[in-house]
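Reader: I have a new structure to go through. Could you show it, and then I'll ask as I go?

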Amino acid sequence: MTAAPAPAGGLRTRPLRGSGAPGASRAGQGRAGWAFATPQAVLIGLFVLIPILMAFWVSLTDWRGRGSPFSGSVGFVGFDNYAAILTEPGLARQDFMTALRNNAWYVLLVVPLQTAIALGLALVLNSRIRAKGFFRTAFYFPTVTSSVAISLVFIFLFTGGGAVNALLGVFGIDGPNWFSDSRGLLHLVGDGLGLWDSANPPAALTSGGPAGLTWWDWLSGPSIALAALILLVVWTSAGGYMLMFLAALQDVPADVREAAVMDGANRWQRFRAVTLPALRPTLFLVTTLGLIGTWQVFDQVYLISQGNPAKTTLTPAYLSYTSAFEVGQWGRAAAMSFVLFAIIVVLTTLQRFLMRDKDAAAERKAARAAARRRTSTTFFHADR
Amino acid sequence: MRSPIRRSAQAAVAVATLSLAAACGGGFDDGAQQQESGSASLTMLIASSGDAETQAVQEQVDAYEQQSGNTVEVQVAADLSQELAQGFAGGNPPDVFYLDASRLADQADAGNLFPYVDQVDDADDFYPNLLDAFTYQGTQYCLPKDFSTLALEINDAAWSAAGLTEADYPTTWDQLASVAQRLTTGGQTGLVVNATRDRVGAFMVEGGGWFLSEDGSEVTADSPENLEALQYLQTNLQSGSFSFPGDVDAGDGVEALGTGKAAMTIEGNWLVGGMANDYPDVGYTVVPLPEGPGGPGTLSFTNCLAVASDSDAQDAAVDLATYLTGGDAMTALTQDTGVLPSRQSLADAYLEQFPEREAYIAGADYAQGPVNAPGVEPVLQDFDSQLGSVETGDPAEILQSTQTNLEQAIGG
């Protein structure tokens with residue numbers, strides 16, 4: 001970097017490898033590149049691409065889990081499995097939509113909460129406090145602990161007579177029996193504010209709604225059981241994301257921060273205008289990983305609630321598992337996972353769009369506009 | 001710039017083809033080639049409640065190996081249905097495996113099972129309604145290795161504390177409701193029963209109803225008999241003398257009875273082992289479930305020893321299954337495991353040994369097996385989840401939606 005002289009007049013210097021003609025050397029490089037990439041490409045093809053294609057095929061069949069899904073005896077049903085969970089009225093669609101509803105509330109609460117808490121913890125740990133190493137380990141600990149162990153601990157913490165309710169009891173609150181309480185949080189909040197009566201919901205909300213569930217069902221909020229799962233997951237994962245933020249925080253350029261101090265920016269302004277923009281790539285990474293992980297939540301449901309109570313902790317991943325392994329509806333289960341895949345792709349793309357660097361995008365746009373202007377009045381081509 | 005793109009496309013195709021060839025090279029469509037003669041090697045997949053049960057099975061299998069010359073590998077599944085599914089999908093299922101009656105129709109319908117009961121001479125020694133539970137579309141598939149039924153378990157201390165005597169053991173719904181009310185005091189609920197078809201279904205049978213008609217051809221979930229059963233449950237839940245385990249902070253009926261949160265519960269004979277392990281000091285009495293308007297009723301739960309249709313040693317597999325369901329092996333296997341022998345000829349000897357389990361055995365004659373139709377599991381799970389809110393819900397609505405969903409599942 002430092003020693004290379006700047007190319008004069010904007011002319012690019014081509015790095016020369018070997019002495020043959022440029023075209024032949026390029027072909028040789030291509031071959032070598034493919035030779036090096038082949039093992040990886042084969043592995044990815046074998047263990048990622050082909051299985052995905054196979055699963056997609058299964059989602060188009062009525063395979064019952066016996067023998068090969070590619071044998072002649074397996075019936076091709078087109079998009080029937082997708083129709084059963086998306087458009088046809090019936091229990092299959094109702095279950096899938098209930099699972100989507102639960103997971104949507106779950107994502108809506110877990111992703112912002114875990115991101116905010118991770119960022120908060122990282123900021124605290126990045127300041128000058130004592131026993132930094134201890135706190136860093138303490139916060140990170142839940143992330144590296146097996147989710148099975150944590151789930152078991154939470155089952156005991158959140159039973160009706162468990163530690164959480166004992167703690168609530170100190171403040172005179174009679175806690176619920178968390179993992180068997182199917183009441184929706186929004187329903188309860190509405191009750192508390194006097195907006196409606198859960199025992200007798202407003203007819204406008206119960207009379208209809210999209211995709212087989214009533215508006216009243218869609219707007220129930222997470223059940224108390226799901227809320228307990230949300231607490232568990234936020235507590236578990238915040239520590240891991242904290243570490244990512246911490247690493248990024250240590251990369252925030254000190255000179256910019258100093259310049260901000262010199263400019264008289266207060267603490268909040270420095271955070272808002274210097275730290276947060278510098279953290280944007282990490283923020284994007286954390287929310288994306290969070291979004292993908294939370295849409296695929298499975299192990300906590302499998303271990304703690306199995307979709308109960310009243311299906312309020314049912315998630316698409318868990319429903320897909322039971323549909324395949326317990327009920328034997330493999331095609332429908334595969335269709336569910338592809339719908340879930342589509343949801344994740346769409347939401348991640350949307351999130352990428354929302355979190356794009358607006359300044360950089362504006363700059364690029366301006367540069368393109370400038371380039372267009374230039375081509376119309378070209379008088380100098382140094383490069384081509 | 002054109003050639004690298006074209007080349008990468010070629011490479012991708014090549015990789016895909018290669019991998020596909022590698023993945024499918026084994027060939028999925030190999031038919032089950034029967035081992036011709038000599039000694040066969042078998043695998044048997046079982047579910048086990050613990051080391052004691054595994055040990056008991058292993059001992060019987062050892063005896064079978066001695067007698068037959070075949071070798072048997074016993075595998076204990078952590079998640080039986082999942083491991084079975086893997087076996088079937090891979091075309092290499094275990095030769096013999098435990099199969100719950102509630103899963104029979106799905107497996108038989110998928111063609112996974114080899115029916116062997118017609119090869120057995122003394123099949124009529126088994127309780128007929130247990131054999132029915134393993135009959136799908138007129139074919140008897142496999143022999144039940146044992147069974148369990150539901151009964152009413154009563155906490156003795158709570159019973160006498162309420163001033164009740166042996167003469168007061170309930171035999172009708174009205175009596176059950178009234179003793180439950182008398183037994184409900186402070187932290188103790190009269191009757192705690194799981195909110196599932198596997199317990200509440202007993203009330204439906206006692207009421208004279210069930211999900212399907214007797215021959216299994218018709219859906220009868222939305223019947224006045226079932227409605228009466230659910231309304232009976234609802235009334236008593238509302239009055240507080242019945243409760244679901246979740247509402248009294250217990251995992252199930254056994255825990256509720258053991259911890260004194262329930263004075264009575266409805267569970268099967270597995271309760272005997274659970275109480276002995278976890279609550280050895282709690283005295284209790286087992287009586288048959290009270291009769292409803294439709295007469296006596298209980299539910300049965302049973303596993304059979306199924307033989308896979310893809311087994312490559314079917315004859316030996318049938319031989320093993322028959323051996324393990326034979327009188328001697330069954331006597332040994334039902335010794336300490338808390339399950340009941342499924343052969344009628346063994347009932348007397350069993351009762352001599354365990355007289356306190358009479359109420360469970362008595363249920364065998366009229367017990368209703370699980371819903372025997374393919375594809376109904378999601379519907380019944382939905383029924384269970386709706387049962388949880390039956391106290392404030394509308395029983396008629398629950399039955400109507402179950403009727404619609406069952407008709408759809410069985411019809412389609």
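Author: Here is a place to start: residues 104-125 of chain A are 100% helix and 0% strand, and their end C-alpha atoms lie 31 Å apart. Keep in mind that this is a predicted model.

Reader: Where does UniProt place the feature "transmembrane region" in chain A?

Author: The unreviewed UniProt entry puts that feature at residues 41-60, 104-125, 224-249, 278-298 and 330-350 of chain A.

Reader: And how far apart are the end C-alpha atoms of residues 41-60 of chain A?

Author: They lie 27 Å apart, and that span is 90% helix and 0% strand.

Reader: Which residues make the nonpolar surface patch of about 670 Å²?

Author: The patch is made by A:Leu43, A:Ile44, A:Phe47, A:Val48, A:Leu49, A:Ile52 and A:Leu53. One of them, A:Leu49, sits in helix H1 of chain A, residues 22-58.

Reader: Different topic. What is the phi of A:Ala131?

Author: A:Ala131 has a positive phi of about 55 degrees, though it is not a glycine. Most residues other than glycine have a negative phi. A:Ala131 is in the loop between helix H3 (91-126) and helix H4 (132-144) of chain A, and at 46% relative accessibility it counts as partly exposed.

Reader: What about B:Asp249?

Author: B:Asp249 also is not a glycine and has a positive phi, of about 60 degrees. Its loop runs between strand S8 (242-243) and helix H10 (253-258) of chain B. With 22% relative accessibility, B:Asp249 counts as partly exposed.

Reader: Back to chain A. Is the peptide bond from A:Asn308 to A:Pro309 cis or trans?

Author: That bond is cis, with omega near -10 degrees. Most peptide bonds are trans. A:Pro309 lies in the loop between helix H14 (299-305) and helix H15 (316-325) of chain A.

Reader: What caps the N-terminal end of H8(B)?

Author: B:Thr196 does: a side-chain oxygen of B:Thr196 lies 2.8 Å from the backbone nitrogen of B:Asp198.

Reader: And what follows H8(B)?

Author: B:Gly208 follows, with a positive phi near 95 degrees.

Terms used. Residues are numbered from 1 along each chain as its sequence is written. Chains are lettered from A and ligands numbered from 1 in the order in which they are written. This is a predicted model: local features need pLDDT of at least 70, side-chain atom pairs count only at pLDDT 80 or more; totals for chains, interfaces and linings use all residues. Side-chain values use heavy atoms; hydrogens and water are left out. A polar contact is a pair of N or O atoms within 3.5 Å; within protein, one must be able to donate a hydrogen and the other to accept it, and residues adjacent in sequence count only if both atoms are side-chain atoms. Helices (H or I, at least four residues) and strands (E, at least two) are DSSP runs, numbered from the N terminus. UniProt positions are given in the numbering used here, feature names are shortened, and annotations may be inferred rather than shown by experiment. Buried means under 20% relative accessible area, exposed over 50%, partly exposed in between (1.4 Å probe, protein chains only). Patches are made of residues with over 30% relative accessible area and no salt bridge: like charges are joined within 9 Å, nonpolar side chains (Val, Leu, Ile, Met, Phe, Trp, Tyr) within 5 Å. Accessible areas come from the Shrake-Rupley method with a 1.4 Å probe; for residues, only the protein chains shown count as cover. A salt bridge is a side-chain nitrogen of Lys or Arg within 4 Å of a carboxyl oxygen of Asp or Glu.
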